[in-house]
Amino acid sequence: MRARYPEIEGYVERDGVKVGYEVYGAGDTTVVFFPIDMIVHSRAWKAQIPYLARFYRVVVIDPRGNGRSDRPTDPMAYRGEEYVADTIAVMDEVGVDRAVLVGICTSAWYAATLAADHPERVLGLFAIGPWLAFVTPPHPIRGDSPENFAEVLPAYEGWNKMNKHYWLQDWRGFVEFFFDQLLPEPHSTKQWEDAVGFALDTDGPTQVAESDAPMRFDSAEGFEGLLRSVSCPVLVLHGDEDRCQPRRRAEIFAE
């Protein structure tokens with residue numbers, strides 16, 4: 001059972017791709033959970049939604065590739081611009097002119113992109129463990145997995161599982177390892193079970209398609225330049241035990 005069920009469930013469709021959304025609660029301020037990283041879907045926010053919906057209108061969006069949304073196979077369908085356009089389409093559909101955006105990891109970056117490109121739609125931005133390319137050294141635990149992401153490796157151990165060929169061979173093996181890393185705190189068994197279940201609602205080929213989508217920028221200057229243009233209030237949260245995103249990325253994001 002859910003702690004709270006949505007008042008509204010629906011879809012928007014853009015270029016033949018359906019994107020699912022849900023609306024909870026009511027209030028003068030709306031909180032929009034930007035489409036989360038495609039490895040999970042909007043149920044990942046299930047602990048936050050019931051509380052926030054007591055005070056605010058809350059909108060959650062399943063990312064294309066998981067949950068109630070379609071799973072296109074073309075990498076171009078997973079560009080950041082598509083996630084931004086999906087979010088604006090949902091906001092328009094449910095009558096939200098401006099909202100506080102919440103994002104985690106890559107969705108924090110895409111939420112910042114929406115804030116930079118459409119400042120009139122954003123009241124504020126809450127970024128959790130934000131992803132940024134090119135701007136920091138590799139994570140001391142994870143390393144820099146994109147270096148061998150596309151290579152066929154002799155073995156796939158540890159963070160070498162962050163590899164497109166391994167995703168196609170053993171998707172469950174990857175997500176079980178990945179969420180072992182993302183949920184290192186004691187007593188996280190239920191969160192781990194949930195996250196693995198959410199990830200198994202999609203598959204390796206879909207995740208590979210998303211990973212092959214071109215990035216908007218190919219340099220640190222591009223990423224930092226966009227962040228400098230964000231004019232709304234921003235709050236950045238980064239976990240002390242984060243094994244995925246380097247803490248320095250959050251510091252640069254906040255700066």
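The structure is a predicted model, in which local features need pLDDT of at least 70 and side-chain atom pairs count only at pLDDT 80 or more, while totals for chains, interfaces and linings use all residues. Residues are numbered from 1 along each chain as its sequence is written, and side-chain values use heavy atoms, with hydrogens and water left out.

The protein chain has nine helices and seven strands; these elements are DSSP runs numbered from the N terminus, with helices (H or I) of at least four residues and strands (E) of at least two. The radius of gyration of the protein chain is 17 Å, which agrees with the value near 18 Å that a compact globule of 255 residues would have. The radius is taken over C-alpha atoms, and the globule rule is 2.2 Å times the number of residues to the power 0.38. Along the principal axes, the C-alpha atoms fill a box of roughly 55 × 40 × 40 Å.

Of the 255 residues, 53% count as buried. Buried means under 20% relative accessible area, exposed means over 50%, and partly exposed lies in between, with a 1.4 Å probe and protein chains only. The accessible surface of the protein chain comes to about 12,200 Å², and 51% of it belongs to carbon and sulfur atoms; accessible areas come from the Shrake-Rupley method with a 1.4 Å probe, and for residues only the protein chains shown count as cover. Among contacts (heavy atoms within 4.5 Å) with a separation of 6 or more, 69% are between residues 24 or more positions apart. The mean positions of the 25 positive and 40 negative charges are 4 Å apart. In this count Lys and Arg are positive and Asp and Glu negative, without His and the chain ends, and each charge is placed at NZ of Lys, CZ of Arg, CG of Asp or CD of Glu.

In soluble globular proteins, nonpolar side chains tend to be buried together. A nonpolar core is defined here as a set of buried Ala, Val, Leu, Ile, Met, Phe, Trp, Tyr and Cys residues joined through side-chain atoms within 4.5 Å. The largest such core has 48 residues, of which Trp 109 and Leu 132 touch the most other members. Elements that give two or more residues to this core include strand 2 (17–24), strand 5 (99–104), helix 3 (106–117) and helix 9 (247–254). Helix 3 provides the largest share, eight residues. Beyond four places in sequence, Leu 132 touches Trp 109, Phe 223, Leu 227, Gln 245, Arg 249, Ile 252 and Phe 253. Another core, of 33 residues, lies apart from the largest one and includes Val 40, Val 102, Ile 128 and Phe 179.

In helix 6 (residues 189–199), Asp 194, Ala 195, Val 196, Phe 198 and Ala 199 are buried. The buried residues of helix 6 pack against helix 5 (171–182).

Two residues other than glycine have a positive phi: Asp 15, near 50 degrees, and Cys 105, near 60 degrees. Asp 15 lies in the loop between strand 1 (8–14) and strand 2 and is exposed, with a relative accessible area of 72%. Cys 105, in the loop between strand 5 and helix 3, counts as buried at 17% relative accessibility.

Thr 30 belongs to strand 3 (residues 30–33) and is buried, with a relative accessible area of 6%. Val 19, in strand 2, is buried at 1% relative accessible area. Among the contacts of Val 19 beyond four places in sequence are Gly 10, Val 12, Ile 61 and Asp 86.

Tyr 78, in the loop between strand 4 and helix 2, is buried with a relative accessible area of 0%. Tyr 78 is in contact with residues including Met 38, Arg 64, Thr 206 and Ala 213; the C-alpha atoms of Tyr 78 and Met 38, 40 residues apart in sequence, are 9.4 Å apart. Arg 216, in the loop between helix 7 (204–211) and helix 8, counts as partly exposed at 39% relative accessibility. Beyond four places in sequence, Arg 216 touches Glu 81, Thr 113, Asp 117 and Leu 226.
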